[in-house]
Amino acid sequence: DEVINKIAAGEVVERPANVLKELIENSIDANANKIEIFIEKGGKKLISVKDNGEGIFQEDMINAVKRHFSSKIEKEEDLYSLKSYGFRGEALASISSVSKLRITSRTIQQPVGSQLYIEGGKFKYLNQTASPLGTKIDVEDLFFNTPARLKFLKSDNTELQHIINIFSYYAILHSDKYFRLVIDKKEVYNLYPSTLEDRIGLLFSSNFAKDLVVIDYENEKGKIYGFVDINLKNKKNFIFVNKRPVKNQLISKTVKNLIGEKGYILFFEFPSFFVDYNVHPSKMEIKFSDDTAVSNLIKEAFSISLNPFKK
Ligand code: ADP
Ligand code: MG
């Protein structure tokens, strides 16, 4: 089991940012509206996510780190509707096999919380402990027992950029939730629930929101909504499809061909049959069943909203 988990870990977890993504998604799936993230040494030393979600019962703690355990699929249709981020039950099992993982949690039904500690896939202890309502997951010394993978990590600063990128995706997508990011004991973001525009302003500079051009368009194939930064302050881009953060070459190339290197945040909505999320487990790449429909949607939307950019 330990070996299988270690191998599987390579698929889910390549770098600290992948761990952070899984932990944030679990917090959101647990209906948390307050998510605090602590990072040390680019996530190589520590990735910690604390939420005020539903928590985990002591008797479910061990299950939570077992492969293919998920509390989230109850019916087969849930698999296709993807109401929650998780359903494979692989993330915690994989992460626990390649790190020192501590879960501290309490549900509203329990007067006392519990804490589970696993080191490199080996169970160490499960104790009762004082805990606020919700869950805190600490991932320490990622890849300490897989030196080959540790070697592939980039500098702390590069890993940090990936972490901030993941943080930003979810902070944008869930502007109605409180997010806090603390890096090497310094608070970097403290984001109270707000509108999408205000959240974007806080994330990318106070002027950003003012310089944005709004895209808002729909045709028979899908919908597109979002913002483009006309003043080039921010070249970052964030793409969401059906409320999930994604990376997609077709979208980013189409946008780049239309407006050049600009910062943008775009939300797409398509019927679920149109999108394949399972290109790779827990990775952000997706495929569309009709690429032309996607690029046409973008072209039409941009030609209406972004005339100033026309060459
Ligand atoms: P999945 O998200 O696919 O179900 P994970 O390995 O990410 O699988 O998590 C396993 C299980 O652990 C979840 O199904 C859930 O029951 C529990 N869990 C993980 N993180 C949290 C959290 N932050 N709050 C409450 N429960 C959690
Ligand atoms: Mg999960």
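**Exercise 1. Find K253 and decide whether it is buried or exposed.**

Step 1. K253 sits in helix 9, which covers residues 249-259. The model is a predicted one.

Step 2. The relative accessibility of K253 is 51%. Exposed means over 50%. K253 therefore counts as exposed.

Step 3. Now set sequence against space. K253 and S295 are 42 residues apart in sequence. From C-alpha to C-alpha, K253 and S295 lie 9.3 Å apart.

**Exercise 2. Describe the chain as a whole: how many helices and strands are there?**

Step 1. The chain holds 10 helices and 15 strands.

Step 2. The chain has 311 residues, and 51% of them count as buried.

**Exercise 3. Work out how strand 1 pairs with strand 7 and with strand 2.**

Step 1. Begin with strand 7. Strand 1 (residues 34-40) and strand 7 (residues 178-183) pair in the parallel sense. The pairing runs over 6 bridges. E36 stands opposite R180 in strand 7.

Step 2. Turn to strand 2. Strand 2 spans residues 46-51 and runs antiparallel to strand 1, with 6 bridges joining the two. I37 has V49 of strand 2 as its bridge partner.

Step 3. Look at the connection. Strand 1 and strand 2 form a hairpin, with 5 residues between them.

**Exercise 4. Treat K41 and K185 in turn: where does each lie, and what is its phi?**

Step 1. K41 is in the loop between strand 1 and strand 2. The phi of K41 is near 50°, a positive value in a residue other than glycine.

Step 2. K41 has a relative accessibility of 49%, so K41 counts as partly exposed.

Step 3. K185 belongs to the loop between strand 7 and strand 8 (186-191). The phi of K185 is near 70°, again positive in a residue other than glycine.

Step 4. K185 has a relative accessibility of 69%, so K185 counts as exposed.

**Exercise 5. Characterise the second largest pocket: what lines it, and why does it lie where it does?**

Step 1. The volume of the second largest pocket is about 350 Å³. The pocket has 14 lining residues. R15, N18, H162, K247 and M284 are the closest of these to its centre.

Step 2. Sort the lining by type. The lining has 3 nonpolar, 5 polar and 6 charged residues.

Step 3. Sort the lining by element. Helix 2 (16-29) and helix 7 (156-173) each supply at least two residues. Helix 7 gives the most, with 4 residues.

Step 4. Compare with the domains. Domain 1 (2-191) and domain 2 (196-309) both give residues to the lining, so the second largest pocket lies between them.

Terms used. Residues are numbered from 1 along each chain as its sequence is written. Chains are lettered from A and ligands numbered from 1 in the order in which they are written. This is a predicted model: local features need pLDDT of at least 70, side-chain atom pairs count only at pLDDT 80 or more; totals for chains, interfaces and linings use all residues. Side-chain values use heavy atoms; hydrogens and water are left out. On a 1 Å grid over the protein atoms alone, a cavity is a set of points where a 1.4 Å probe fits but cannot get out, and a pocket is an open set with protein on both sides within 12 Å along at least five of seven lines; lining residues have an atom within 4 Å of a point. Grid points are joined across faces, edges and corners, and a volume is the space filled by probe spheres set on the points. Ala, Val, Leu, Ile, Met, Phe, Trp, Tyr, Cys and Pro count as nonpolar, Asp, Glu, Lys and Arg as charged, and the others, Gly among them, as polar. Domain bounds come from an automatic or database domain assignment. Two strands pair if DSSP finds at least two bridges between them. Buried means under 20% relative accessible area, exposed over 50%, partly exposed in between (1.4 Å probe, protein chains only).
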